[in-house]
Amino acid sequence: MASLEIDGSRRSKSVEEIDEYELSPIEEVRLTVPTTDDPSLPVWTFRMWFLGLISCVLLSFLNTFFGYRTEPLVITMISVQVATLPVGRFMAKVLPKTKFRVPGFGSREYSLNPGPFNVKEHVLISIFANAGAAFGSGTAYAISIVDIIKAFYHREISFLACWILVITTQVLGYGWAGILRKFVVDPAEMWWPSSLTQVSLFSALHEKDKKRMTRAKFFLIALICSFSWYVVPGYLFPTLGTISWVCWVFPNSITAQQIGSGMRGLGIGALTLDWSVIASFLGSPLITPFFAIINVLAGYVIFMYLITPVAYWGLNVYNAKNFPIFSSHLFNAQGQRYNVSAIVNNKFEIDMETYQKQGHIHLSIFFSISYGLGFAAVISTLTHVALFNGREIYKQFRATYKGKEDIHTKLMKNYKDIPNTWFHLMLGLSLALSLILCIFMKDEIQMPWWGLIFAAFLALTFTLPISIITATTNQTPGLNIVTEYLMGVILPGRPIANVCFKTYGYISMAQAVSFLNDFKLGHYMKIPPRSMFVVQFIGTIIAGTVNITVAWWLLTSIENICQDQLLPPNSPWTCPGDRVFYDASVIWGLVGPRRIFGDLGDYSALNWFFLVGALGPVLVWLLHKAFPTQKWISLVNLPVLLGATGAMPPATTLNFNAWIFVGTIFNFFIFRYRKNWWQRYNYVLSAALDAGLAFMGVLLYFSLTMANRSISWWGAEGEHCGLASCPTAKGIVVDGCPVH
């Protein structure tokens with residue numbers, strides 16, 4: 001069926017036939033992306049649809065399932081890239097090659113096996129998988145809205161409203177993204193650095209493999225090992241996942257446990273033997289370049305081991321000692337958990353009288369500083385890109401209007417383009433469905449129709465500039481803080497309206513950028529555009545439907561899911577990501593930013609971080625201009641340093657320490673001293689570790705957890721750092737904690 005998308009009879013040029021004018025102006029693209037194409041390769045094959053749909057459903061299910069666990073594993077498209085290659089080649093060997101006709105489709109002949117498994121099929125299968133993994137996010141962002149309504153606020157919402165919310169927030173941005181393709185996909189100057197990693201991996205996987213230990217064999221061995229091992233930290237001996245030995249040595253010291261706890265403290269000395277702990281929140285360290293690990297390490301050390309201890313023990317900022325040093329919960333002035341349910345009235349809005357009685361909401365010093373760094377990171381990204389990349393971006397954007405086409409854009413003209421009416425129709429339908437949700441189901445989501453229009457306008461306005469920034473610098477500023485701050489000021493007191501506005505405003509833009517990124521991958525790999533569109537659209541609809549179905553099942557079948565204070569000590573269903581999302585809905589939506597970060601709150605000083613984020617890159621830029629021979633100055637990337645701990649919370653110090661340690665071993669030492677091994681097996685090992693853990697995790701749930709079969713002994717009772725969550729101020733009384 002690929003022939004249906006071929007336009008004309010142009011042939012691919014060989015490297016020798018390409019003149020200099022046709023070469024990509026970006027050196028990294030010239031070194032990585034093939035300059036040849038074979039338009040005759042079939043793409044709409046049975047293998048592609050079978051493996052693609054299974055990959056999409058499987059990743060959607062697994063990522064949603066693991067998203068509620070204390071260590072939420074995110075399985076990305078790389079796992080599918082590696083795993084489906086041997087399966088696709090096996091299908092090419094065993095499927096019948098008999099040709100047949102389909103009634104109603106004319107005289108065209110079809111076959112379940114049109115030839116060898118090719119790279120274009122592989123790319124489309126991976127695009128299906130990427131949709132199933134929510135473009136690397138794990139699950140659709142709107143699932144968190146459903147989670148906090150049902151598991152935290154304990155209110156009702158219909159399944160239909162949930163489904164519409166999930167699907168429309170995932171698809172809305174596709175409409176205008178498609179229209180913007182000619183600005184950020186077709187031009188050679190818009191090169192999307194992250195796509196080159198995928199191009200390199202596809203090229204490596206499809207090379208002739210004549211080694212005794214093939215990648216497929218290595219993948220199978222590593223998968224079996226990962227699958228077998230996870231039964232130990234996943235069921236028999238969970239404490240191996242969080243070995244906080246300092247707490248064992250000092251069982252009665254709050255300060256020692258605050259220092260040694262990997263889950264609720266600074267994590268000094270904490271270890272793990274659980275891959276889910278290593279790869280949670282930050283993704284697999286095996287696929288993260290070492291320079292990125294170093295940037296994360298620098299920002300993390302400054303925040304966690306310099307700023308936080310000084311602010312807590314040294315300066316007692318915001319009465320920090322009244323609360324735990326490391327927590328994403330909300331507290332009252334006496335150090336007790338804040339009773340959020342008491343300040344929510346029957347209309348699902350803030351009850352001001354009760355709020356005045358309970359007093360202001362307080363945050364742990366870790367949580368408050370993380371918000372300040374978040375403010376700075378958003379603004380610093382824009383300032384840094386403007387100063388260090390602004391001229392380059394401007395030149396590249398201007399170059400898109402000169403009409404110059406590189407070889408890749410010319411080769412893509414062999415295929416029929418996507419009519420703009422497809423995108424107009426998608427935009428119109430998704431917007432109409434969203435309006436139906438806001439008008440006829442407003443009682444369930446609180447957001448007025450004008451909020452939807454405003455959110456869509458924001459997302460549309462920012463999609464082009466942020467796509468250009470991502471396409472040229474590989475940095476993607478987020479709108480989450482901007483959107484929740486705006487709606488919190490405009491419509492305070494309504495938590496669900498705030499998170500819905502954030503999701504429509506932020507995720508619609510993020511989905512549009514991801515959509516364009518995948519299109520650039522298809523551009524480099526010479527995938528017919530209409531095939532890309534169909535696979536992305538169908539994959540997104542299927543993934544969203546699976547996401548909400550699995551979420552609904554877990555929310556209605558697991559008792560006290562997400563309620564960490566009511567769950568057994570070794571229960572994995574603590575929903576750390578949703579806890580932070582819930583806290584954000586309280587801070588920005590229910591109480592409102594004015595009563596937290598404004599003149600009515602206790603944390604107004606954190607707004608100075610916006611200024612720090614704006615001026616910080618200016619200082620670095622001025623130093624770079626003043627001392628041009630000092631090359632290290634230009635390597636100081638404040639957005640990365642400030643945003644290094646963006647995953648905290650819900651990520652913990654153990655997650656970061658283990659991730660940095662393993663990433664350094666593989667992407668520095670092994671990459672440097674065993675480069676051939678790294679080149680052949682590094683990505684394969686990462687995929688195998690993810691897949692083995694995922695399959696065993698699901699098996700343990702269906703075979704043991706659902707049957708309420710658990711074991712009770714010291715090694716199944718968590719990390720044994722109960723005092724790490726205690727305050728250290730005098731006179732503060734908290735259950736289970738000694739009083740100073």
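Trainee: How many residues of the lining of the largest cavity are nonpolar, how many polar and how many charged?

Mentor: The lining divides into 6 nonpolar residues, 5 polar ones and no charged ones, where Ala, Val, Leu, Ile, Met, Phe, Trp, Tyr, Cys and Pro count as nonpolar, Asp, Glu, Lys and Arg as charged, and the others, Gly among them, as polar. Please keep in mind that this is a predicted model, in which local features need pLDDT of at least 70 and side-chain atom pairs count only at pLDDT 80 or more, while totals for chains, interfaces and linings use all residues. Residues are numbered from 1 along each chain as its sequence is written, and side-chain values use heavy atoms, with hydrogens and water left out.

Trainee: What makes this space a cavity, and which residues line the largest cavity?

Mentor: It is called a cavity because, on a 1 Å grid over the protein atoms alone, it is a set of points where a 1.4 Å probe fits but cannot get out, lining residues having an atom within 4 Å of a point. The lining consists of A131, A134, F135, A140, Q170, Y174, Q511, T540, A543, G544 and N547. Two or more of these residues come from helix 6 (159-179) and from helix 23 (529-557), and helix 23 provides the largest share, 4 residues; helices here are DSSP runs of H or I with at least four residues, and strands are runs of E with at least two. The volume is about 40 Å³, and the structure holds 1 cavity of 30 Å³ or more.

Trainee: Why is the contact between R47 and E121 called a salt bridge?

Mentor: The term requires a side-chain nitrogen of Lys or Arg within 4 Å of a carboxyl oxygen of Asp or Glu, and the closest N and O atoms of R47 and E121 are 2.8 Å apart. R47 lies in helix 2 (residues 46-67) and E121 in helix 4 (residues 119-132), so the pair ties together parts that are 74 residues apart in sequence. By this rule the structure has 10 salt bridges.

Trainee: Are R47 and E121 buried or exposed?

Mentor: Buried means under 20% relative accessible area, exposed over 50%, and partly exposed in between (1.4 Å probe, protein chains only). R47 has 0% and E121 has 0%, so both count as buried.

Trainee: How do you know that R264 and E719 form a salt bridge, and what does the pair tie together?

Mentor: Their closest N and O atoms are 3.8 Å apart, which meets the rule. R264 lies in the loop between helix 12 (254-260) and helix 13 (275-279), and E719 in the segment after helix 29, so the pair ties together parts that are 455 residues apart in sequence. R264 is partly exposed at 31%, whereas E719 at 4% is buried.

Conventions. On a 1 Å grid over the protein atoms alone, a cavity is a set of points where a 1.4 Å probe fits but cannot get out, and a pocket is an open set with protein on both sides within 12 Å along at least five of seven lines; lining residues have an atom within 4 Å of a point. Grid points are joined across faces, edges and corners, and a volume is the space filled by probe spheres set on the points.
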